[in-house]
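Work through the exercises below with the sequence and coordinates at hand. Each task is followed by a stepwise solution.

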Amino acid sequence: MILNLDKDVTPEKLVKAGFRSRSDNKRFYTLREYLYKDTISLSIKIDLSKDADEQIEWYVIDNNTGMSYNTFYFTPNTCRDLVREEVIRSFNEIIGELSKRKILYIVEE
């Protein structure tokens, strides 16, 4: 899955959607949302000064380790994982809202 910025995104739209700009770089915006309690979060970084294919970085992070929450990216062949299901549901809600606000959209690989 790839996230792309909407062609009409503006700094004002980003701020209204909850992104924060860095004081030293007004073209760089970040958003951090919790997906599961305070242990798993979504981090989105947008740099409007880069080329279109390099403007957005995003990660689902396990806050206990500071590393990627691998279960989000790779479907394990195990029994039902309720935490993973909640993380995916929360992720889809957040991305759906950002898509409605014409901030970004999903491109399936």
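## Exercise 1: the setting of Asp-47

Asp-47 lies in strand S4, which covers residues 40–47; strands (E, at least two residues) and helices (H or I, at least four) are DSSP runs, numbered from the N terminus. The model is predicted, so local features need pLDDT of at least 70 and side-chain atom pairs count only at pLDDT 80 or more, while totals for chains, interfaces and linings use all residues. Residues are numbered from 1 along each chain as its sequence is written, and side-chain values use heavy atoms, with hydrogens and water left out.

Task: Determine which side chain of opposite charge is nearest to Asp-47, and which residues surround Asp-47.

Solution.
1. Take Lys and Arg as positive and Asp and Glu as negative, without His and the chain ends.
2. The nearest side chain of opposite charge is Lys-50, 4.5 Å away. A salt bridge requires a side-chain nitrogen of Lys or Arg within 4 Å of a carboxyl oxygen of Asp or Glu; Asp-47 has none, although Asp-47 is buried (under 20% relative accessible area; exposed is over 50%, partly exposed in between; 1.4 Å probe, protein chains only).
3. The Asp-47 side chain does make a polar contact with the side chain of Ser-49, at 2.5 Å (a pair of N or O atoms within 3.5 Å, one able to donate a hydrogen and the other to accept it; residues adjacent in sequence count only if both atoms are side-chain atoms).
4. Beyond four places in sequence, Asp-47 is in contact (heavy atoms within 4.5 Å) with Arg-27, Phe-28 and Gln-55.

## Exercise 2: the salt bridges

Task: State how many salt bridges the rule gives, and describe the residues involved.

Solution.
1. The count is 5.
2. Glu-85 pairs with Arg-80 at 2.8 Å, N to O. Glu-85 is partly exposed at 34% relative accessibility, and Arg-80 is exposed at 63%.
3. Arg-101 pairs with Glu-97, with the closest N and O atoms 3.2 Å apart. Arg-101 is partly exposed at 38%, as is Glu-97 at 36%.
4. Asp-8 pairs with Lys-7 at 3.7 Å. Asp-8 is partly exposed at 44%, and Lys-7 is exposed at 76%.
5. Glu-86, Arg-89 and Glu-93 form a salt-bridge network.

## Exercise 3: the whole chain

Task: What pattern does the chain follow along the sequence?

Solution.
1. The chain has 3 helices and 7 strands.
2. Their order is β-α-β-β-β-β-β-α-α-β.
3. Of the 109 residues, 33% count as buried.
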